[in-house]
Amino acid sequence: MEELECKSLRRAILDAITEVVDSGRYILGPEVEAFERCVAEYVGSGFAVGVSSGTDALLVSFMALDLQPGDRVITTPFSFFATAGAIARLGAVPVFADIDPLSFNMSPAALEEFAGDPKVKAVVPVHLYGQCADMDAILELANQQRWAVVEDAAQALGAEYPSVNGIRKAGSMGTFGAFSFFPSKNLGGMGDAGMVVTDDERLNRRLRLLRNHGAEPKYYHEFIGGNFRLDPIQAAVLSVKLPHLDRWHRARRTNAERYHTLFSDSKLPAEGRLVPPPPVSVRAGEEGLLDHIYNQYVVRAPGDFRDPLRSFLSEAGIGTEVYYPVPFHLQKCFRHLGYEAGRFPETEKAAREVLALPIYPELTMEMQEYVVDCIVSFFGKT
C-alpha cells in the first residue's frame, strides 16, 4: 500500500510540475496564489505570502516591521543561523534569552530581563524541532512591552499549541509567522521555498510589495524590497503534498512514542548516559492534539558521549545530526556582541548534548529497534 501511495504521489507531483512548465508562467501566478490560500487556511491566519525561502520569510518580516540599525530583537541563541542572521542583515542587533531545557525553546523567564528596554522592537520565539514555544507567556510580555512577535515556525508547520484562547497553530499567534519548505522539513519542496502568514491586512500588502522589489505597479517602487518570490513549481509541488501533512505528522508521533517505549524497555542506564525527550503528551485534555510534530527527534547524550555515539551509529549505518553544535553567542560573526562562554548555560549544555535520531514517517519498527539496540550496545561498551 505504501509503495502504491508513493508512486501515486510521485505521479501527481510530476503532473503538477508539467502543468507549470506547459503554462509558460514561471514567476508567481495561480499556483502560488492557490498555495497561499491553502496555507492561510491550514494555519488559521488571514493572509499568507509565498517567498523564496525560510530565511527570506524572516528577513522580509523584519523589513515589513521597518527594523532599523540599532534596533534590538530578542531571540534564542539555539536555532538555525537564519534566525539571528536575518536580524543582523538589516543592521539590527540580535540579543538572546536562554532556553528551557525540556522544550529547547525560549524561556519566558529569561525573556523577562528585557522588560523596559526601549531599544527592543521585536521578539522572535523559535518553535524548535516541531514544538511550539510557550506562546501565552511570551505574548503576554510582548503585548505589555509593545514588541512585535515574529514566530520562527520553520520547523513547526502544523504544530498545535493549547493557548488560553483555544488551540492555535504555530505561526498564527504573533505579528508574523515564518515558515520554511526546505526539502528536509515535514512539508518539504524540491528546493528552497518559504511563507509568511499574518492577520494584518496592511502588513500583508507590505509583504507582497517587499517580496517583489517594493514595486506596484511594475517599475514603480514604493519601498526598497528584494527578490523574495516563491517559484510556482515549488508552490505546485507543495500543494500536492500539503493534504498529506497531518497524516505524516501522526506517523512521526507514532514513531516518537515507539522510541519512548523502546528506550524505557531497554537496558540503558537509568540516568546519566542518554536522555530521550519527554514522552508525547496530550496537553489541555485535547485528544489528538499535535503538540509536537517531530521535525526532529532529539535525545541528549550528557558528558562526552555525544560525538563518540554519533560516530558509532554512523559506522552502523544510522544517520544522525546535531541541531545545533555552536550557539549564536559563540559564533565568530557575533563576537562583537560581547557575549562570553557561560552566559547561556542551558543553551551551551544543549549544544554539547543534543543528537537527532531518524524519525521520518516511513521508519519501521524493525529500524527503530535496530537504532535503540545500537545505542544500548554503545553504552554497554563504555
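Which residues form one aromatic cluster? Phe78, Phe80, Phe104, Tyr129, Tyr323 and Tyr324 do. Keep in mind that this is a predicted model, where local features need pLDDT of at least 70, side-chain atom pairs count only at pLDDT 80 or more, and totals for chains, interfaces and linings use all residues. Residues are numbered from 1 along each chain as its sequence is written, and side-chain values use heavy atoms, with hydrogens and water left out.

**Aromatic rings**

- First, the rule: rings of Phe, Tyr and Trp (its six-membered ring) pair if their centres lie within 6.5 Å, and the planes decide the type, with under 30 degrees apart counting as stacked, over 60 as edge-to-face and the rest as tilted.
- By this rule the count comes to 19 aromatic pairs.
- Take Phe35 and Phe181, an edge-to-face pair with 5.4 Å centre to centre and 65° between the planes.
- That pair links distant parts of the chain, 146 residues apart: Phe35 belongs to helix H2 (residues 30-43), while Phe181 is in the loop between strand S8 (176-180) and strand S9 (194-198).
- Helices (H or I, at least four residues) and strands (E, at least two) are DSSP runs here, numbered from the N terminus.
- Phe35 counts as buried because its relative accessible area is 0%, and Phe181 is buried too, at 0% relative accessibility.
- For those words, buried means under 20% relative accessible area, exposed means over 50%, and partly exposed is in between (1.4 Å probe, protein chains only).
- Phe328 and Phe334 have ring centres 6.4 Å apart and planes at 75°, so they make an edge-to-face pair; both of these residues are buried.

**Charges over rings**

- A charge sits over a ring if NZ of Lys or CZ of Arg is within 6 Å of the ring centre and within 35 degrees of the ring normal.
- Lys169 lies over the face of Tyr42, 3.5 Å from the ring centre.
- Over the ring of Phe223 you'll find the charged end of Arg206, at 4.2 Å from the centre.

- On a 1 Å grid over the protein atoms alone, a cavity is a set of points where a 1.4 Å probe fits but cannot get out, and lining residues have an atom within 4 Å of a point.
- Grid points are joined across faces, edges and corners, and a volume is the space filled by probe spheres set on the points.
- The structure holds 2 cavities of 30 Å³ or more, and the largest cavity has about 60 Å³ of space.
- Among the residues lining the largest cavity are Ala154, Gln155, Ser180, Lys185, His249 and Asn295.
- Sorted by class, that lining has 6 nonpolar, 5 polar and 1 charged residues.
- As for the classes, Ala, Val, Leu, Ile, Met, Phe, Trp, Tyr, Cys and Pro count as nonpolar, Asp, Glu, Lys and Arg as charged, and the others, Gly among them, as polar.

**Strands and their partners**

- Two strands pair if DSSP finds at least two bridges between them.
- Strand S1 (residues 47-51) is mostly covered, with 4 of its 5 residues buried.
- S1 and S9 run antiparallel and are joined by 5 bridges; Gly50 stands opposite Met195 in S9.
- In a regular strand the side chains alternate between the two faces of the sheet.
- Strand S10 (residues 297-300) is covered on both faces: Tyr297 and Val299 on one side, and Val298 and Arg300 on the other, are all buried.
- S10 also runs antiparallel to strand S11 (residues 354-357), with 4 bridges joining them, and Arg300 stands opposite Val354 in S11.

- The peptide bond from Glu216 to Pro217 is cis, with omega near -5°, and Pro217 is in the loop between H7 and helix H8 (232-241).
- Tyr219, in the loop between H7 and H8, has a positive phi of about 75° although it is not a glycine.
- Tyr219 counts as exposed because its relative accessible area is 66%.
- Back in the aromatic cluster, which includes Tyr323 and Tyr324, a cis peptide bond joins those two residues, with omega about 15°.
- Tyr324 lies in the loop between helix H10 (306-315) and helix H11 (345-353).
- You'll find Tyr129 in the loop between strand S4 (120-124) and helix H6 (135-145), and Tyr129 counts as buried because its relative accessibility is 2%.

Notes: 1 Å grid on protein atoms, 1.4 Å probe; cavity = no way out; pocket = protein on both sides within 12 Å on 5 of 7 lines; lining within 4 Å.
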